[in-house]
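Subject: Structure for you to look at

Hi,

Please have it open while you read.

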There are 2 protein chains.
Amino acid sequence: MIDSEKKINPRTLPGFMELLPNEQIKFNKMKKTIENSYEKFGFLPLNTPIIEASEVLLAKAGGETEKQIYRFTKGDNDLSLRFDLTVPLAKFVAQNMNSLTFPFRRYQIGKVFRGERPQQGRFREFYQADIDIIGDGSLNVINDAEIPSIIYSTFKNLGFDNFVIKINNRKILSGFFENLNLSNKVTDILRIIDKLDKIGIDLVKEELRKYEIDEESINKIISFINIVGTNDDIINKLKLLDINNSKFEEGIKEIEDVVKYIRIFGVPENNFNIDLTIARGLDYYTGTVYETILNDYPQIGSVCSGGRYDDLAEYYTDRKLPGVGVSIGLTRFFYQLNKIGFFEDKESYISKVLVISMSEDIGYALNVTTKLRLNGINTEFDNTDKKLKNKLNYANKLNIPYVIFIGEDEILNNNVTIKNMESGEQKTLSLDEVIEILK
Amino acid sequence: MIDSEKKINPRTLPGFMELLPNEQIKFNKMKKTIENSYEKFGFLPLNTPIIEASEVLLAKAGGETEKQIYRFTKGDNDLSLRFDLTVPLAKFVAQNMNSLTFPFRRYQIGKVFRGERPQQGRFREFYQADIDIIGDGSLNVINDAEIPSIIYSTFKNLGFDNFVIKINNRKILSGFFENLNLSNKVTDILRIIDKLDKIGIDLVKEELRKYEIDEESINKIISFINIVGTNDDIINKLKLLDINNSKFEEGIKEIEDVVKYIRIFGVPENNFNIDLTIARGLDYYTGTVYETILNDYPQIGSVCSGGRYDDLAEYYTDRKLPGVGVSIGLTRFFYQLNKIGFFEDKESYISKVLVISMSEDIGYALNVTTKLRLNGINTEFDNTDKKLKNKLNYANKLNIPYVIFIGEDEILNNNVTIKNMESGEQKTLSLDEVIEILK
């Protein structure tokens, strides 16, 4: 027995999600749906370590990322916790080039760690759910079109209908700015455009002026990012701009192909849309980029983002490894959906049935329990000496949909009494009949 | 482009398991089987953080465990990576007493971290798969009997038949040694007995002598641990010892009940056996203890162990929380089974079929791909410009069991040609017929 004053306050660190079981069930269901959706498209699972050598993990990092990293020494080793799943993928592919078959399609769903200042909806330990397709030397643009098809299927499976996958192509953006002789300011301009939704057109203009961009160019930029309409409309309007720049033209050709194949993959027209304002902050995207918006919950922001990059593992190998991929920030997504009440009417139980013995002789009840389990039914046996009311309360609190009562009569007649906890309906049936109901 | 000499050697740290996809598929299948087995018995999922406050995680730790811990500071915080799933469970239960329903049945399958010296089959980052049943104040001994029933079901589902769950009761051991007036040496004696399998009877005797135990007592100890036979035999022999000690008698009563209920739960007699030499190293077990041996692979040692404890969370709360649980060291278990060749004949693929277009017009082939996916079939579309031989080679390397060819004829006749990659058999069929084959 430990003295009360010596006891430690049991607590979970701020910024770390720890769910109660009924919420964890919902989280796991979501994670499993994403996993199954990714596998439907033939992605192979990876599970890289959480701890890596700092030198390996930080080969590319810098700035904000590096500050947020959990880095420490153990013995002589300088170690870090992974802060995303892309760097470990790059390491893995560079390390196992000769054992892998290309295009290499992998998914990984796992925790990553960033020591951000904790604030509502921001986590220091959180799940990412990534897919990437990596080519050896080259990678067909059809892959860029398959990604939206995966996003579409995944979010449909998660129970959403009203969402739009926004696509753009970095070459269109780069080519356009090259044409305006603003190549040296592209990164800054893209960063500013990326804020359009947040700060509005006037502040975007103002910020652009700070970078000594003349009014004519600013107006051209504004009318460029104002190009909207159907996917075909936008492509036509882009062509009509008549910009003589090979990168720009390449970008249009690519997005035209991507749109064509997205359609053939069966994604409905109202679930994907070209959006010329999508740039994605990360500077390694070089072609198609994606964001996904739930129209009913726009405040969440993009729930699935990514893009095409030229070179996955340039910090580890000379082999050119172009890729395309997207990521879902699962922990934050779950947190926000939960806050909105998205899960309120969703089922959340593990056990389908609780078996309660009303007799001193529990042998028959235990037999029934084992038979239900052998028939694939998640089953609990109550072995407490609580009052019946409290036993039923236990089932209710755990959202267990059925209770089976076994008393002297049931033992005598070799049957069971089953109660539907929602409707209150109660029937005495043979075990086989009950198994059919529960299956 | 990064200079070659500046590239970082992509490597994974020693002691960290990182599997190639075909192995990862097998690992995941095992993990999922365990998960489903645990849920079949109504255990609720938990997913506690990997990082905890050191003060919380180390409330109880000491000695070897503390040395192995990954502990570091970030800002002002003294943090540690979890080294097992039991301490986080204790924290969680103490913290959420009022939100939980008891008996609280939880499972957690997750990575834990121990900075051991790496050696073959020992990992610094490894999965544990734990179940525990926690009572509030008391916990029925039927739970002690349900645990072997869960172990039995889990290992059957994993594909094993020839295994034995060894059970013992710490009260029998303690009572026996109390009776010999050796109470103050129980921990040492149990530790020595625990080594019986490794060092043999003579060295056990020798070690016991070091603790100044007289020859008569040593002989009694030896004949005690030599009690073998059927479960009923052993219980009868224990009773015949006629030891007048209340703890000893309590232990016999418990193990008798446990054996009775294990039988009712349907565990065959040859899959569980009382073994009086099982003590389990950890000093917090107070009642029933378990080890599980695969008879075909005894060199692996116990693959699932645990026991009953009086008080889960005494370092955090005054509430008495007795519990019983077991754990599978999944990473090590997988590693050893893999080395033995256990997985060699096991299936290992994600995609059921690879769709290959033999026509320039890929529209029909993409349509087929999407339809297969909508029918729940994991499907890949080949979009490379490799030679046919290399495309088939890709399918073979990924163990994809079927390939679908779509050429001009198939497009014209609205059908598909499917090839069974194992038998080589090839047929031209309607898409509906193919869906039936693949389902």
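Let me start with one residue: Glu178(A) is partly exposed, at 31% relative accessibility (buried means under 20% relative accessible area, exposed over 50%, and partly exposed in between, with a 1.4 Å probe and protein chains only). Its partner in a salt bridge is Lys247(A), with 3.2 Å between the closest N and O atoms (a salt bridge being a side-chain nitrogen of Lys or Arg within 4 Å of a carboxyl oxygen of Asp or Glu). This pair links distant parts of the chain, 69 residues apart: Lys247(A) belongs to helix H11 (residues 246-264) of chain A and Glu178(A) to helix H6 (residues 170-179) of chain A. Helices here are DSSP runs of H or I with at least four residues, strands are runs of E with at least two, and both are numbered from the N terminus. Lys247(A) also counts as partly exposed, at 34%.

Some housekeeping before the rest. This is a predicted model, so local features need pLDDT of at least 70 and side-chain atom pairs count only at pLDDT 80 or more, while totals for chains, interfaces and linings use all residues. Residues are numbered from 1 along each chain as its sequence is written, chains are lettered from A and ligands numbered from 1 in the order in which they are written, and side-chain values use heavy atoms, leaving out hydrogens and water.

Now the salt bridges in general. Over all chains, the structure holds 60 of them. One of these joins Arg373(B) to Glu146(A), at 2.6 Å from N to O. That pair crosses between chains, from helix H13 (residues 363-374) of chain B to helix H5 (residues 142-157) of chain A. Are its two ends buried or exposed? Arg373(B) counts as buried at 6% relative accessibility, and Glu146(A) counts as buried at 0%. Both belong to a network of salt bridges that also takes in Arg105(A) and Glu380(B). Within chain B, Lys427(B) and Glu425(B) meet at 3.8 Å, N to O; Lys427(B) is partly exposed at 39%, and so is Glu425(B) at 45%.

On to the interface. Chain A and chain B each bring 99 residues to the contact (heavy atoms within 4.5 Å). The area buried between them is about 8900 Å², 59% of it from carbon and sulfur atoms; buried area is the accessible area (1.4 Å probe) lost by two parts on being put together, summed over both. Twelve salt bridges are counted between the two chains, including Asp318(B) with Lys7(A) at 3.3 Å, N to O. On the side of chain B that touches chain A, helix H1 (residues 21-40) of chain B gives the largest share, eight residues.

Last, a sheet in chain B. Eight strands form an open sheet with mixed pairing, in the order S1-S5-S6-S11-S10-S9-S7-S8 (two strands pair if DSSP finds at least two bridges between them). Strands S1 (44-45) and S8 (272-274) of chain B stand at the edges with a single partner strand each, so one side of each has no neighbour in the sheet. Strand S10 (residues 305-309) of chain B pairs with strand S11 (residues 323-329) of chain B in the antiparallel sense, over five bridges. There, Gly306(B) stands opposite Val326(B) in S11(B).

Best wishes
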